[in-house]
Amino acid sequence: MAVKIPDIDQWIDAMAPVVGLNISDERRPGVKANLKTAAKMAALLDKVAIKDETEPAPVYRA
Amino acid sequence: MKSTTGVGDIARAVTSMEVSAHSVVMAALGRIEVNNQRLGAFTDVLSERAIARATTIDAEIHEGKRFPLAGVPFAAKNLFDIAGLPTRAGSKINREREPARADAALIRRLEAAGAICVGATNMGEYAYDFTGENLTDGPAHNPHDLNHMTGGSSSGSASAVAGGLVPLSLGSDTNGSIRVPASFCGLFGLKPTFGRLSRLGTFPFVADLDHLGPLARSVDDLALSYDAMQGFDEDDPAQSRRPLEAVTGRLERGSAGLRIAIADGYFVGEADVREMMEVVGKALGVSRRVTIPDVAAARAAAFLITMSQAATLHLERLRTREADFDPAVSERLIAGAMLPAAWVDKAQRFRRAYRDEVMKLFQHVDVILAPSTPMRAPKIGQKTAMFGGVEMPVRPNLGIFTQPISFIGLPTVAIPIAMEGQRLPLGIQAIAAPWREDFALRVARQLEKTGTASAPVARGFADE
């Protein structure tokens with residue numbers, strides 16, 4: 001599987017300063033839970049093959 | 001005018017001068033005064049403005065002018081700009097904004113059609129919510145059982161209509177925020193095609209997914225308000241240039257001639273959700289099933305795009321004002337700010353591929369039916385519930401059935417299904433191809449005509 005559930009504390013410690021956020025001890029468990037959910041979602045999406053020619057829909061038109 | 005009187009009946013009575021718009025508005029304001037403390041539906045009541053507007057409407061009707069929504073009181077979720085109020089979008093922080101200089105486009109259109117905005121309604125913080133709870137303003141309460149959630153994030157808009165305070169309200173729906181509260185509060189709701197209605201003058205959540213639409217207690221009432229809100233607005237960059245495609249008067253054919261199927265697989269839900277789908281299938285004579293492909297991946301993609309775009313929108317506030325957010329919201333937003341771009345880009349590319357696959361289904365079917373929510377309204381404060389036999393957090397999971405549909409902008413009507421012996425409502429989605437709101441509304445009308453769908457004012461709030 002290409003997307004693995006990573007060590008989420010490491011993820012937070014690396015990324016929080018990159019985006020200029022301080023994560024308090026109070027918020028950390030909730031942020032971790034949400035990142036874990038996001039990683040599960042990404043893993044699910046990663047299983048779907050998409051053709052190179054499939055372009056994104058940045059301004060979506062139904 | 002009774003709490004149970006709908007949009008069409010009010011407009012007819014005011015137009016024929018059987019009652020005045022002034023008396024209609026006074027009755028609505030009176031009901032808000034009496035019941036709002038119990039319901040937590042309104043955060044702002046515009047008494048002075050509404051009375052002035054009603055007086056003007058009455059004078060114009062006396063002069064012979066005609067309005068399709070004459071004297072109809074309505075409410076708007078507090079992410080809609082209302083001139084003179086800071087657009088709080090359910091948040092603590094936004095109350096410090098400059099007051100809006102003008103009303104949102106849809107409020108202006110409804111008022112141009114004779115309707116009267118009586119107030120702004122409670123909502124989940126920054127619309128990132130399916131529960132209807134709000135840390136600053138308190139929860140909106142479900143009029144069918146005050147201990148239960150309204151659903152969110154258009155919580156107060158649903159509570160106000162199900163509690164009979166007004167016959168019509170405006171909500172927004174990014175991942176299900178009209179359809180989830182419509183299901184929990186037993187209302188009809190319309191999430192039109194992405195790009196159909198102007199979003200000008202509303203506080204955003206996820207630009208790629210935000211929709212606006214009405215909540216009401218009958219299909220005709222939805223149709224009347226929807227028609228009044230249609231039309232191109234060049235100031236909204238996401239709006240499509242579509243002609244006005246009126247639906248009022250075009251729904252009486254019901255489901256005759258429409259190819260209808262029920263979504264299977266992913267859209268299972270708890271036992272009474274399955275029972276509801278049986279009831280609906282029988283009422284429409286539909287046994288056909290259809291499988292929406294990759295629907296779990298669609299939900300995942302919508303989830304990631306939402307986290308990421310909402311985080312970008314709020315990043316500066318998260319840096320400087322984090323303590324002023326509801327932690328349930330800020331923790332999701334902070335996480336959203338730290339997602340790899342590859343995940344979000346993949347989600348956007350998948351969106352195009354998924355859209356193409358779902359469009360293939362619409363070559364063979366006109367309307368797909370699915371439940372709106374996996375369960376009836378949980379209790380206020382309830383944190384977890386059983387989803388498919390697994391205990392999961394309530395907040396992010398109430399939208400599992402709505403999220404994969406709005407993800408590709410499909411027009412959807414939320415339909416409340418009447419089931420014997422159930423106090424708490426439950427509803428379905430009628431989903432159509434882009435720009436075919438009329439098909440979804442015709443299915444809703446069919447179910448309404450046969451009594452399978454109904455949206456009564458909740459017991460205890462209905463005038464005898």
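User: Where in chain B is B:Ser153 found?
Analyst: Start with the elements on either side: helices (H or I, at least four residues) and strands (E, at least two) are DSSP runs, numbered from the N terminus. B:Ser153 belongs to the loop of chain B that runs between strand E5 (145-149) and helix H5 (155-162). The peptide bond from B:Gly152 to B:Ser153 is cis, and its omega is near 10°.

User: What should I know about the model before reading further?
Analyst: This is a predicted model, where local features need pLDDT of at least 70, side-chain atom pairs count only at pLDDT 80 or more, and totals for chains, interfaces and linings use all residues. Residues are numbered from 1 along each chain as its sequence is written, chains are lettered from A and ligands numbered from 1 in the order in which they are written, and side-chain values use heavy atoms, with hydrogens and water left out.

User: What is the mean pLDDT of chain B?
Analyst: pLDDT is the predictor's confidence in each residue, from 0 to 100. For chain B the mean is 96, and 100% of its residues reach 70 or more. For the complex, the predictor gives an ipTM of 0.94 and a pTM of 0.97.

User: Which residues other than glycine have a positive phi?
Analyst: B:Tyr126 is one of them, with phi near 50°, and B:Trp435 is another, at about 75°. B:Tyr126 lies in the loop between strands E3 (116-121) and E4 (141-142) of chain B. B:Trp435 is in the loop between strand E15 (427-432) and helix H14 (437-449) of chain B.

User: Is B:Tyr126 buried or exposed?
Analyst: Buried means under 20% relative accessible area, exposed over 50%, and partly exposed in between (1.4 Å probe, protein chains only). B:Tyr126 has a relative accessible area of 2%, so it is buried. B:Trp435, at 13% relative accessibility, counts as buried too.

User: How does the length of helix H2 of chain A fit its number of residues?
Analyst: The expected span of a helix is 1.5 Å times one less than its number of residues. Helix H2 (28-46) of chain A has 19 residues, so it should span 27 Å, and its end C-alpha atoms are 26 Å apart, which agrees.

User: What covers the buried residues of H2(A)?
Analyst: The buried residues include A:Val31, A:Leu35, A:Ala38, A:Met41 and A:Leu45. Their cover includes helix H1 (8-18) of chain A, together with helices H9 (295-321), H10 (327-336) and H11 (341-361) of chain B.

User: How do I read pockets and cavities?
Analyst: Rolling a probe the size of a water molecule over the atoms shows where empty space is left. On a 1 Å grid over the protein atoms alone, a cavity is a set of points where a 1.4 Å probe fits but cannot get out, and a pocket is an open set with protein on both sides within 12 Å along at least five of seven lines; lining residues have an atom within 4 Å of a point. Grid points are joined across faces, edges and corners, and a volume is the space filled by probe spheres set on the points.

User: What is the volume of the largest pocket?
Analyst: The largest pocket has a volume of about 990 Å³. Of its 36 lining residues, A:Thr37, B:Pro393, B:Arg395, B:Pro396 and B:Asn397 are the closest to its centre. H2(A) supplies the largest share of that lining, eight residues.

User: How many cavities of 30 Å³ or more are there?
Analyst: The search of the whole structure finds three. The largest has a volume of about 110 Å³, and B:Tyr128, B:Phe130, B:Asn175, B:Phe205 and B:Arg332 are the closest to its centre among its 14 lining residues. For the classes, Ala, Val, Leu, Ile, Met, Phe, Trp, Tyr, Cys and Pro count as nonpolar, Asp, Glu, Lys and Arg as charged, and the others, Gly among them, as polar. The lining of the largest cavity has six nonpolar, six polar and two charged residues.

Methods: Contact = heavy atoms within 4.5 Å.
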